[in-house]
Amino acid sequence: MNNAPRAHKTFMLNMGPQHPAMHGIVRLVLEAEGELIRDVDVEIGYLHRAFEKHAEAETWNNVVPWTDRLNYVSPLINNVGYAMAAEKLAGIEVPERGQYIRTIACELSRVTDHLTCVGASAMELGAFTVFLYLIKAREFLYQLIDNLTGARITTNYARVGGVKADLPQGFEEKCRDVFKKVREAVRDSDKLLTKNRIFMDRVDKTGVISKADALAYGITGPFLRSTGVPYDVRRAHPYLVYDRLDFDIPVGRTGDNFDRYLVRLAEIEQSLRIMEQCFKQMPPGKHSLEVAEMKNAFEFEDAGKFGNTALLKKYAAKVDQTLEGGGRLERGGIDSPSRSAVLPAKEETYGNIEGLMNHFELIMWSWGIRVPAGEAYVAVEGGNGELGFHIVSDGSDRPYRVRCRPPCLYIMAALPILLKDSYIADIIPTFGSVNMIGGELDR
Amino acid sequence: MSEPAAANPCQGERREAVPSAAFDALRELKERGYNVLIDMTAVDYLAQGREPRFEVVYRLMKLDLSSGEDRGRVELHVKVPEGAPVLRSCLSLWPIADWLEREVWDMFGIGFVDRPKIKRLLMYEEFKGHPLRKDYPIAKRQPLIGPASGERPDNPSFNTVRPAVKYE
């Protein structure tokens, strides 16, 4: 046998864009030396749907459905984040009950996000039972979200100035039942995985990231917390009602895949705690801003006859229940310049003419709400980290620019340092713990 | 009315810099403890007729590692003209700037000097134009998808830029 040292040759290996072990459409170009990865090139953009360009062409409220498609595992957080940024610019304050409802919605979404992440990456490591347990728990939560918003994924729940509707009847009781099942599923998965030799061999000390690297790459969320930095937007800049709630921020120590798994499981419990506190604290009252200014319908008619249509859009139409135009003599016009920003509830839109008119006014092109010119950046804690919306308004009915700061973009950019000098098999747990969501990454 | 920036802790203090001083300003901020580049993006003010046309926004955060507290944020606005790259890359300060600069190049066509060759991030190589510019029509067709003229054959008005709406 020839004893001369062999020159090690590297070869290129394409993983993706379509690969069964990839959670989305993403391409990793690996430079491998046998089983060892020497270099990685990450190529993204396969799911780019021009969210930011589309947002510039939509009215303020019509952008909300587009935000569902960002992180489609936790769409409610995106809805709320965008609505909060628009409200910040418009100077609108959401009623207290609305804020509690939004908090509950966000936390429901966070739990589904973490369940999906842990479940899917466990499945890829062979733990199919855990996947079934967690996805079943997620299914119960999706049914709650369906009950709350009318859709499982494309929720479109937040509105500028509030939310689509109040909590449905008996929602709290349903939540309590579901939380019990979620806790059970998490406990079972914990028993199956946390001390499991097969699982530990794959996740322990793999995909390690240091604090310094995490900071250099701007990483936030569970990924940063797994390195031991307890940064959480809910604590650092409390929004909604998070400053009134008692919750912990779980942190890891080593920043490896195992710590990220533990952090996510612990955060599920914290989210459930937050929701239980919200139900206890939630005041009765309005969930969205009330339709502020109403004018009798016949006044629209009168004004229209005189060609005076400029002011009409400032008011909502108010029609007598009998539809007979009663009250024409008794009431003068209401001339307050402030106007409603919030879409009426669906029952109002479909159920009576005033809701219909009001809805129509807000939806019609170039007639919707106007947000004062300015710039605002608002961050919320998304499933993967800080989800930010930087919005520029020029004072018209459409945003001038909407920038979404996608939390998983920063982690994907750091993927080469996570994977370098590890084995090809380590890609699976590491990539799973990144929780890449194509919709959010590529927008 | 919208609140002043200081009242919004996520947004932080607003600062401005000229392109030639931007890198030094960022380096100085980093030395003063702003250790995370939270975001970097651009806005095209063409439709508002501003000169110079673009504004690049850097968003920095001072993160306390042990308590996880955010000790303050800064947003640095840099007005950038169209054409030759005038901004120095901050890749040497924060490695994440690589991808963020690639995205800004991809979407706005703002170039950077002092960095490896810039490549599109979200779009593909054959893509023509920079889609988030205000003069890029929202329904423009691309050569790979066709037709090569960029016009939709069945609808001549489809490819026009919607004029700015005048409000009273």
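Biologist: Which residue of S10(A) stands opposite A:Ser393?
Modeller: In this predicted model, strand S9 (residues 386-393) of chain A pairs with S10(A) in the antiparallel sense over six bridges; two strands pair if DSSP finds at least two bridges between them. Helices (H or I, at least four residues) and strands (E, at least two) are DSSP runs, numbered from the N terminus. The residue of S10(A) that stands opposite A:Ser393 is A:Pro399.

Biologist: Which residue in the turn of the hairpin formed by S9(A) and S10(A) has a positive phi?
Modeller: Five residues lie between the two strands of this hairpin. In the turn, a positive phi of about 85 degrees belongs to A:Gly395.

Biologist: How are the residues numbered and the chains lettered, and which pLDDT limits apply?
Modeller: Residues are numbered from 1 along each chain as its sequence is written, while chains are lettered from A and ligands numbered from 1 in the order in which they are written. As this is a predicted model, totals for chains, interfaces and linings use all residues, whereas side-chain atom pairs count only at pLDDT 80 or more and local features need pLDDT of at least 70.

Biologist: What pLDDT does chain A average?
Modeller: The pLDDT is the predictor's confidence in each residue, from 0 to 100. In chain A, 82% of the residues score at least 70, and the average is 82.

Biologist: Over which residues of chain A is the pLDDT below 50?
Modeller: The stretch in question has 21 contacts in the model beyond near neighbours in sequence, a contact being two residues whose C-beta atoms, placed from the backbone, lie within 7 Å. The pLDDT is below 50 over residues 320-339.

Biologist: Why is strand S10 (residues 399-405) of chain A described as largely enclosed by the rest of the structure?
Modeller: A residue is buried if 20 or more other C-beta atoms lie within 10 Å of its own, exposed if 12 or fewer, and partly exposed in between, with C-beta atoms placed from the backbone. S10(A) is largely enclosed because the buried residues number seven of the seven.

Biologist: Is A:Glu33 buried or partly exposed?
Modeller: A:Glu33 is found in strand S2 (residues 27-33) of chain A. Not counting residues up to four places away in sequence, A:Glu33 touches A:His8, A:Thr10 and A:Arg38. Because A:Glu33 has 13 C-beta neighbours inside 10 Å, this residue counts as partly exposed.

Biologist: How many residues of H4(A) are buried?
Modeller: Helix H4 (residues 96-124) of chain A has 29 residues and should span 42 Å at 1.5 Å a residue, which agrees with the 42 Å between its end C-alpha atoms; the expected span is 1.5 Å times one less than the number of residues. H4(A) is largely enclosed by the rest of the structure, since the number of its residues that are buried is 25 of the 29.

Biologist: Which element gives the most to the side of chain B that touches chain A?
Modeller: The contact takes 44 residues from chain A and 36 residues from chain B. On the chain B side, S2, S3 and H2 each give two or more residues. With six residues, the element that gives the most is S2(B).

Biologist: In S3(B), what is the bridge partner of B:Asp39?
Modeller: Strand S2 (residues 36-44) of chain B has nine of nine residues buried, so it is largely enclosed by the rest of the structure. Eight bridges join S2(B) to strand S3 (residues 54-63) of chain B, and the two run antiparallel. The bridge partner of B:Asp39 is B:Arg59.
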